[in-house]
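Please read them with the coordinates open.

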Amino acid sequence: MATLVPLPLHSLLHQKPHHQTTTNNHRLFRLSAQSRETIDPISSVQYTPGVLDHVFLNLFRNKMVQEVGWDSEKPGYDGLIDVANRLMLARTNSETKDAAVRILRSLFPPLLLELYKIIFAPVAQGKLAAVMVARVTALSCQWLMGTCTVNNVDLPDGSSLPSGVFVERCKYLEESKCVGICVNTCKLPTQEFFMDHMGVPLLMEPNFSDYSCQFKFGISPPEDDSTLKEPCLEVCPNATRRRTAATNTHEMKCPKA
C-alpha cells in the first residue's frame, strides 16, 4: 500500500498541476475518451467503472433514496438518474437544492466537516483548504462525473492556485439531459455545501455545449449567474416542443433551472 507523504504548505499551494500517465493496473477510475482538445461534443463517451465506482455509486444512491423516499427499479447509474429526477418532483428549486445539500452532508461525519471548517479553512487565507478539496474531488468523484483533472485557477487577488478541477465531459449532465437537474441537484447545492459546511468558496461553471465543467475552489459565485438562465439542452425531450412555442429568451429558459 502506498504511503501518503505530507507536502510542505508552500509546495502544496504553488505546485503546478500535472497530468499523470497511469496504467490500467493502477488506475481505479477510468474513462475511455478523447483528450480535451479532441472531444466531440455530440458523440457519447463510454465510461468504464473502476474498482471503487460501485461502492461510491451505491453509497450516494442510498443517501438519495433516503431523502426522496423512493428508489428506481433500474440498476446502477440509470437508477441514480431516475432518483435524481424524482428529487425534483413536487419540490421548488429551493427545496430541491436544500434536499441535495442534506444528501451531501449525510456523506460525511458531522464532526469531520466542522473540524475542516475550523482547522483548515482559515489557513493561508483559505488557499490550503481550496487546494485540498480540489485534489480530493478530482480523485474521488470520477465515478459520478467522468475524467477529472486538477488545474490552475486565477483568484480575485491576482494570484494563481491549483484549486481547479476540470471535468472533461460530465456523465451526470450527459445522462440526465437536463439543465435543471444539473443546476438544482448539483451546481447550486455543491457550491452551498462547500461554502457553508467546509468554509471553501466554490464556483462551478458547467458548459452545456460540450458537457464539460470547471470547478473553481476559492472563488465565490457571482450574484448574477448566467447558468441559471440557460435554455433546455438540445437533447431534452421537451426542448423541441418548447422551442416551437417560445417567443422570447425568457420562455426559452429551462423551466427546471
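**Notes on the model**

1. Of the 257 residues in the protein chain, 43% are buried (under 20% relative accessible area, with exposed meaning over 50% and partly exposed in between, for a 1.4 Å probe and protein chains only). This is a predicted model, in which local features need pLDDT of at least 70 and side-chain atom pairs count only at pLDDT 80 or more, while totals for chains, interfaces and linings use all residues. Residues are numbered from 1 along each chain as its sequence is written, and side-chain values use heavy atoms, with hydrogens and water left out.

2. The protein chain has 11 helices and 6 strands. These elements are DSSP runs numbered from the N terminus, with helices being H or I of at least four residues and strands being E of at least two. Among contacts (heavy atoms within 4.5 Å) between residues at least 6 apart in sequence, 58% join residues at least 24 apart.

3. In α9, 16 of the 20 residues are buried. The helix has a kink of about 30°, centred on P189; the bend at a residue is the angle between axes fitted to the seven residues ending there and the seven starting there. After α9 comes G199, with a positive phi near 75°.

4. The largest nonpolar core has 59 residues, and those touching the most other members are M64, L80, Y172, M198, V200, F215 and F217. The largest share of this core, 8 residues, is supplied by α9. A core here is a set of buried Ala, Val, Leu, Ile, Met, Phe, Trp, Tyr and Cys residues joined through side-chain atoms within 4.5 Å. Residues up to four places away in sequence aside, L80 touches L57, F60, R61, M64, W143 and L144.

5. How many cavities of 30 Å³ or more does the structure hold? There are 2. On a 1 Å grid over the protein atoms alone, a cavity is a set of points where a 1.4 Å probe fits but cannot get out, whereas a pocket is an open set with protein on both sides within 12 Å along at least five of seven lines; lining residues have an atom within 4 Å of a point. Grid points are joined across faces, edges and corners, and a volume is the space filled by probe spheres set on the points.

6. The largest cavity contains about 90 Å³ of space. Its lining consists of M145, C170, Y172, L173, C182, C186, K187, M204, P206, C213 and F215. Y172 and F215 were also named among the core residues that touch the most other members.

7. Two or more lining residues are given by each of α2 (53-68), α4 (93-106), α5 (110-120), α6 (127-140), α7 (142-145) and α9. The lining has 34 residues, and L104, L107, F108, S140 and C141 lie nearest the centre of the pocket. Again α9 gives the most, here 7 residues. The class count is 30 nonpolar, 4 polar and no charged residues.

8. Two residues deserve a backbone check. Most residues other than glycine have a negative phi. A90, in the loop between α3 (76-88) and α4, has a positive phi near 60°. A90 counts as exposed because its relative accessibility is 85%. Q125, in the loop between α5 and α6, has a positive phi near 55°. Q125 is likewise exposed, at 73% relative accessibility.

9. Apart from neighbours within four places in sequence, S72 is in contact with R61, G79, D82 and V83. The C-alpha atoms of S72 and R86 are separated by 9.2 Å, with the two residues 14 apart along the chain.

Note on methods
Nonpolar A, V, L, I, M, F, W, Y, C, P; charged D, E, K, R; others polar.
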